[in-house]
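Please look through the sequence and the model shown below before reading on. The report then takes up the sheets, the helices beside them, and a few single residues.

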Amino acid sequence: MGFSYTEWVGPFYRPGTPPGGMLRQYAKCFGTVELDTTFYAPPRESAVAKWMNDTPPGFTFAAKAWQRITHEKRFVDVQADLDTFLRSVAPLEPKLGPLLVQCPPDMTVENLPAFSDFLGSLPVGFRWAVEFRHRSWFTPGVLELLQARNICLVGADLYYMPKSLVRTADYAYIRLLGNRKKVTSIGKVVQDRTEDVHGWARDLSETVPDPDEGWVFANNHYSGFSPDTIGLLMHDLGLEKPLYPVNEPPEQPSLFG
């Protein structure tokens, strides 16, 4: 979840890497990233252009829906805001992955009418994933609603939410979030989540046999250092663990500038 962390310079990025050079190094190791910045405001055209230029073909961006839609207006009268958000991320094609709709923790299934209307307004041509932060949403009716629209229910590993991978779409989306109260520093593993990662790997192997059908993202506060979390998951799935940029041979300067 994200790539622009100064705490990663040294354990992941090469020493001296500036923020503007991080994504290019990140994209050599991992094939996707979740954009948290789009939650706070629709991205500028210049930012989107740089993201596109700094990543190779086949890389994908998952983008978090604007908080004005989810947290401020709570899905009521949001068509104009939705259009603004979609226009801002549309230039990420063909690298645009799922769009994440994260519901507020205090939003319960009593908000189902507004939420259902919102789902009905979503345009085709985008992958949508929904993360609930309240247990009341986990009902057969809500799951059927998502399934009917091929909208993915996020499998979240969050300390107060149920941990399960329920397929409601032809792709899967998992977020390893952890507990910020237990992991207060990042840049190295401070909490052993090995058994938890093993469990998610088993679930993925059973329900998402094709790796191209799944997106998995880890927060730094899951174990303290999300590249190691994802590296462990990749190993469990039989995928090659990435070589971190800090461990790569230094780039040789060109004789031709």
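How many bridges join strand S7 to S8? In this predicted model, strand S7, which covers residues 172–178, is joined to S8 by 5 bridges, and the two strands run parallel.

## The sheet of three strands

Strands S6, S7 and S8 form an open sheet in that order, with parallel pairing. Strand S6 (155–158) and strand S8 (214–218) stand at the edges, and because each has a single partner strand, one side of each is left without a neighbour in the sheet. From one strand to the next, the twist averages 10°.

Helix H8, made of residues 194–207, lies across S6, S7 and S8 and runs at about 170° to S6, while helix H10, made of residues 226–236, lies across S7 and S8 and runs at about 145° to S8.

## The sheet of five strands

Another open sheet has 5 strands in the order S1-S2-S3-S4-S5, again with parallel pairing. Its edges are strand S1 (32–35) and strand S5 (152–153), each of which has a single partner strand, so one side of each is left without a neighbour in the sheet. Strand S4, at residues 128–131, runs parallel to S5 and is joined to it by 2 bridges, and Ala-129 stands opposite Cys-152 in S5. Helix H5 (residues 79–89) packs on this sheet, where it touches S2, strand S3 (96–102) and S4, and its direction makes about 150° with that of S3.

In general, the strands of a sheet pair through backbone hydrogen bonds, and the pairing may be parallel or antiparallel.

## A buried threonine in a loop

Thr-55 lies in the loop between helix H3 (45–53) and strand S2 (60–64). Is this residue, Thr-55, buried or exposed? Thr-55 is buried, since its relative accessible area is 7%, which falls under the 20% cut-off. Leaving aside residues up to four places away in sequence, Thr-55 touches Leu-23, Ala-27, Phe-61 and Lys-95.

## The cysteines

A disulfide is a covalent bond between the sulfur atoms of two cysteines, and the structure holds 0 disulfides. Cys-103 is in no disulfide, and the nearest cysteine sulfur, which belongs to Cys-152, is 13 Å away. Cys-103 is buried, with a relative accessible area of 0%, and Cys-29 is also buried, with a relative accessible area of 11%.

How values were computed:
Residues numbered from 1 in each chain as written. Predicted model: local features only at pLDDT ≥ 70, side-chain atom pairs only at ≥ 80, totals over all residues. Heavy atoms only, no water. Helix = DSSP H or I, 4+ residues; strand = E, 2+ residues; numbered from the N terminus. Buried < 20%, exposed > 50% of the residue type's maximum accessible area, 1.4 Å probe, protein only. Contact = heavy atoms within 4.5 Å. Pairing = 2+ DSSP bridges. Axes fitted to C-alpha atoms, helices over the stretch in contact; angles between N-to-C directions. Disulfide = S-S within 2.5 Å.
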